[in-house]
Amino acid sequence: MRKHVIAAIFCACSFSVLMAQTPIYLDDNQPIEARVKDALSRMTLEEKVALCHAQSKFSTPGVRRLGIPEIWMSDGPHGVRAEINWNDWGYANWTNDSITAFPALTCLAATWNPEMAAIYGKSVGEEARYRRKDILLGPGLNIYRTPLNGRNFEYMGEDPYLTSVMCVPYIQGVQKNGVAVCVKHYVLNNQEKWRGHIDVELSDRALYEIYLPAFKAAVQKGEAWSIMGSYNKVRGQHACHNALTLNKILKGDWGFDGVVVTDWGGCHDTYEAAMNGLDIEMGSYTNGLTSESKFTYDDYYLAKPYLRMLKEGKVPVSTVDDKASRILRLIFRTGMNRHKPYGSLTTEAHYQAAQEIGDEGIVLLKNAPVSKKTSPLLPISAEKINKILVVGDNATRMLNQGGGSSELKVKDMVSPLDGLRALYGNKIVYTKGYAAGRALYDHADKISQAVEDSLRMEAVRLAKDADLVILVGGLNKNHFQDCEGADRLSYGLPFGQNELIDALTAVNKNMVLVLLSGNAVEMPWVRKVPAIVQGWYLGSMGGKSIADILSGSVNPSGKLPFSFPVKLTDCGANAFDELCYPGDSIKEVYKEDILVGYRWYDTKKIPALFSFGHGLSYTTFAYGKPVVSSKKMEGNGTLTVTIPVKNTGSVAGKEVVQLYIGDEKCSVMRPVKELKAFSKIALQPGEEKQVSFTLSPDELKYYDDVKKDWVAEPGKFKVYIGSSSTDIRGTVEFELL
Ligand code: BGC
């Protein structure tokens with residue numbers, strides 16, 4: 001008996017000794033904050049500083065002595081980028097890093113369907129997890145300010161509300177995999193020209209109402225675990241170490257508990273980086289794309305120079321404790337999270353997700369009959385057609401190559417030509433029509449810009465006896481197109497496509513134009529082309545999605561996330577002088593203020609070529625009268641707006657019902673109307689649904705730059721219900737008491 005008692009006591013003791021030996025930071029059952037505190041308490045100053053800067057192009061060191069792993073990052077946002085060399089920008093030539101390319105974020109935004117964003121995030125997050133990444137560098141949330149910005153294709157359009165709604169499920173989907181997003185580029189990186197240093201000046205209203213909301217939603221609703229500071233300056237200080245945007249707004253007002261990572265080479269000063277909210281410094285002394293340097297990682301601003309300043313007492317140790325705590329928190333959420341799933345790569349489900357997102361994001365801009373006697377050109381009725389001429393470099397081009405850091409190495413890829421051939425077989429004849437050079441994201445001078453007349457003439461010859469011409473054109477991912485590092489040089493289509501369109505429509509009126517781009521383009525020929533489709537960059541399954549839409553096996557339901565101005569100077573950012581865009585090379589002033597996108601066109605009464613929210617369907621929808629649950633809203637109350645919507649055509653379809661609010665009498669200038677809610681509904685032919693939106697005073701507010709707060713001013717408000725921002729189907733008013 002005594003023996004047993006002694007043995008039991010011995011066992012209990014050794015168990016508790018063992019337990020005591022398991023450090024809290026290694027124990028999954030402990031709360032993350034306790035693990036952070038414990039790990040931090042075990043680290044030397046040198047180890048803490050080491051966490052704060054890169055050890056290679058895409059990783060940071062862990063703490064080897066404590067078994068805390070490195071952080072591995074990858075671009076984003078449309079798929080997981082191929083492996084890059086440890087110490088230079090070259091690709092590592094691994095053979096296991098081919099992935100699924102998902103549609104560009106402009107296309108995701110054009111679905112106006114948060115469920116698509118959830119599937120996107122989940123799928124790309126699974127691929128990142130399988131590739132053993134801890135941080136996926138995306139999504140991009142910068143607002144579309146001018147169609148010249150080379151990087152608009154990586155963002156979600158011109159409206160802060162649409163971007164805010166769409167980014168949240170993407171973020172949650174990625175992070176469920178134990179992979180952090182890195183929301184970028186915070187903030188005011190609205191152009192690529194002079195992106196490394198341009199100093200943006202704007203009003204508080206424009207900052208809070210237009211450029212910050214999506215980042216706020218990402219942090220507060222999406223609970224993003226990291227965010228990337230942008231290259232540019234904001235009010236005189238670099239965005240990667242900016243007292244206002246990082247310390248006050250992000251970490252102070254919004255309570256962000258994650259990690260601020262620089263854009264690659266975005267750090268410029270040790271003291272500011274220490275004091276102004278930067279946590280991890282990446283890519284210093286490079287341009288983030290091509291240029292290298294002789295400096296080593298130890299020379300980074302947050303490496304030895306930081307350690308020195310800490311030791312000399314020039315910056316407080318609390319700064320590095322805060323940075324290291326945030327980085328440890330991210331490591332416990334990702335690399336040291338033992339409960340995360342394993343991920344998967346290039347699965348059927350991922351291809352299906354890519355196709356579905358493409359199907360829902362493609363926008364039918366125009367669909368007119370060729371003559372009074374015929375029906376609209378789309379969908380293609382194959383029985384009547386024997387020869388389809390497909391023209392265009394983009395029909396076969398690998399559009400995942402180029403574009404900058406979002407470039408992808410795809411495992412499988414269905415081009416538009418492949419997709420159409422799979423449906424229409426030998427009815428298809430292909431010719432190039434124009435030449436756009438090889439895929440490259442720098443050195444435009446190396447890419448021939450010459451217009452090749454012989455290609456155009458051959459296309460015209462073949463078009464003469466074709467029943468239908470499908471031109472797959474647009475921009476591509478080369479320098480000065482939709483590409484990081486520079487802006488577009490002009491608003492028009494490149495490579496002689498305008499001349500090509502004129503020549504083709506002169507010999508054959510049955511023409512469908514599929515534009516692949518992440519930006520609006522000028523369309524001087526718009527009246528001559530009966531059917532125009534905005535096909536974005538669609539990734540691995542692009543050709544299938546395009547064939548789905550053109551054939552009508554999927555009814556288009558995408559809506560534009562940005563407006564297409566008739567001409568460049570119609571756009572707010574391009575309506576002023578050079579200081580407004582692109583700046584004088586040092587400074588830039590956002591003179592259009594809060595009137596970005598449709599807010600500008602509406603308020604200034606400038607008709608857009610295609611409006612924000614526009615997108616046609618192969619069916620028609622009838623809207624009934626909007627009804628408001630009460631004509632008065634209490635200062636802290638809510639009310640509901642309900643509209644019946646019916647499918648009045650003969651095929652099933654999806655409609656995006658959009659709700660805008662206007663405040664006609666206000667003590668400050670307000671846009672005519674602003675998007676405040678939307679809902680995408682599916683309707684069978686003849687089916688009707690009631691669509692309801694709940695509104696609160698929050699949807700009525702503007703940012704008061706004197707009070708430094710959001711204000712809803714009592715008085716009348718007008719609700720606009722529309723199928724686009726200009727196709728308004730009903731209005732109703734109420735009063736805020
Ligand atoms: C880009 C970032 C990207 C980073 C790493 C930079 O050039 O601006 O968006 O994540 O490089 O590739």
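Mentor: Happy to! In this predicted model, 15 residues surround the ligand, and the closest are Asp75, Arg151, His185, Asp263 and Glu484. For His185, an N or O atom of the side chain is 2.7 Å from an oxygen atom of the ligand. Lys184 also takes part: a side-chain N or O atom there is 3.0 Å from a ligand oxygen. With Arg195, the distance between a polar side-chain atom and an oxygen atom of the ligand is 3.3 Å. On its own the ligand has 300 Å² of accessible area, and the protein covers 100% of that. As for the space that the ligand takes, it is the second largest cavity.

Now pick out Arg151, one of the closest residues to the ligand. You will find Arg151 in the loop that runs between strand 3 (135–137) and helix 6 (160–175). Is Arg151 buried or exposed? Arg151 counts as buried because its relative accessibility is 1%, and the cut-off for buried is under 20%. Leaving aside residues up to four places away in sequence, Arg151 touches Lys184, His185, Glu192, Arg195, Ser405, Cys483 and Glu484. Glu484, another partner of Arg151, is listed among the residues closest to the ligand.

Definitions and conventions. Residues are numbered from 1 along each chain as its sequence is written. This is a predicted model: local features need pLDDT of at least 70, side-chain atom pairs count only at pLDDT 80 or more; totals for chains, interfaces and linings use all residues. Side-chain values use heavy atoms; hydrogens and water are left out. Helices (H or I, at least four residues) and strands (E, at least two) are DSSP runs, numbered from the N terminus. Buried means under 20% relative accessible area, exposed over 50%, partly exposed in between (1.4 Å probe, protein chains only). Contact means heavy atoms within 4.5 Å. A residue is near a molecule or strand if one of its heavy atoms lies within 4 Å of it. A polar contact is a pair of N or O atoms within 3.5 Å; within protein, one must be able to donate a hydrogen and the other to accept it, and residues adjacent in sequence count only if both atoms are side-chain atoms. Accessible areas come from the Shrake-Rupley method with a 1.4 Å probe; for residues, only the protein chains shown count as cover. On a 1 Å grid over the protein atoms alone, a cavity is a set of points where a 1.4 Å probe fits but cannot get out, and a pocket is an open set with protein on both sides within 12 Å along at least five of seven lines; lining residues have an atom within 4 Å of a point. A molecule sits in a cavity or pocket if more than half of its atoms lie within 2 Å of its grid points.
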